[in-house]
Amino acid sequence: MVKPVKVRTVWFKKEGERSAEEIATAVASTTWRVADKAVDNLGRENYDIITPARGFKLIAEFLAFLVHYCDRMAYATLTPERRVAVLQAVANRLGEVMEENIISVVGPDPSRNFKAEFIDFLNRRFNDYAEFEFPDDEKASFPALRFLGLQIRDEMGDNDKTWIMDQIMDIEMPEMMGTVRKSFKGLLSDAPVKRGFGSPDMLPPE
């Protein structure tokens with residue numbers, strides 16, 4: 001059995017509000033680990049990942065969904081300035097992590113800026129997911145999950161397309177969202193509270 005991902009949900013005692021960078025480091029660690037675990041789960045279920053390029057594309061799709069999900073929770077909780085600072089820091093840190101992992105696996109490519117490419121991808125997906133409802137901070141709408149499932153299906157080989165959406169929507173995402181929700185809301189527990197819940201804007205470019 002695959003062990004559950006352990007995540008940080010509370011801070012050690014410290015005076016004052018946590019910086020956006022501190023929160024981003026913890027959120028990026030959690031979202032990366034659950035996305036990486038989901039790709040590993042697909043491999044264990046005999047879905048064919050084949051290449052590192054496909055694996056990183058799947059991780060990017062999971063991360064885009066989860067970062068947008070965090071932004072929905074941040075929109076309901078944080079002041080606008082705090083929300084923008086936190087989400088920009090999360091995107092920046094995940095861009096660094098993505099670049100570090102790609103280079104460690106496939107080597108550097110002087111012709112590409114993997115961090116910038118990933119942040120551009122996040123912005124495009126933010127625009128896509130802004131069209132969907134997230135009824136509350138515990139779940140996403142069926143169309144939002146279906147959109148993610150379709151993006152994953154498009155990356156898979158023909159033999160895996162039939163069942164992959166059920167795997168993503170019914171098995172992987174409920175666990176991933178539960179883990180990220182618990183961590184993210186715990187990490188924001190020291191933040192000034194803003195009431196309301198709605199659709200966020202895209203991330204400003206780096």
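## How H5 and H6 cross

In this predicted model, the axes of helices H5 and H6 come within 9 Å and cross at roughly 125°, where axes are lines fitted to C-alpha atoms, for helices over the stretch in contact, and angles run from 0 to 180 degrees between N-to-C directions. H5 and H6 are therefore oblique to each other, since angles under 35 degrees count as roughly parallel, over 145 as roughly antiparallel, 65 to 115 as roughly perpendicular and the rest as oblique.

On the H5 side, the residues that make the contact include Phe-142, Leu-145, Leu-148 and Ile-152, and on the H6 side they include Ile-164, Ile-168 and Met-173; contact here means heavy atoms within 4.5 Å.

## The helices of the chain

The secondary structure of the chain comes to six helices and zero strands, both taken as DSSP runs numbered from the N terminus (helices are H or I with at least four residues, strands are E with at least two). Among contacts between residues at least 6 apart in sequence, 77% join residues at least 24 apart.

Buried residues make up 49% of the 206 residues in the chain, with buried meaning under 20% relative accessible area, exposed over 50% and partly exposed in between (1.4 Å probe, protein chains only). In soluble globular proteins, nonpolar side chains tend to be buried together. The largest nonpolar core has 65 residues, of which Phe-62, Phe-65, Met-98 and Met-173 touch the most other members; such a core is a set of buried Ala, Val, Leu, Ile, Met, Phe, Trp, Tyr and Cys residues joined through side-chain atoms within 4.5 Å. H2 gives the most to this core, with 14 residues.

Leaving aside its neighbours within four places in sequence, Phe-62 is in contact with residues that include Ala-35, Val-39, Leu-148, Ile-152, Ile-168 and Met-173.

Most residues other than glycine have a negative phi. Asn-46, which is not a glycine, has a positive phi of about 75°, and Ile-50, also not a glycine, has a positive phi of about 70°. Asn-46 has its place in the loop between H1 and H2, and Ile-50 lies in the loop between H1 and H2 as well. At 68% relative accessibility Asn-46 counts as exposed, and Ile-50 is exposed with a relative accessible area of 59%.

Residues are numbered from 1 along each chain as its sequence is written, and side-chain values use heavy atoms, with hydrogens and water left out. Because the model is predicted, local features need pLDDT of at least 70 and side-chain atom pairs count only at pLDDT 80 or more, while totals for chains, interfaces and linings use all residues.
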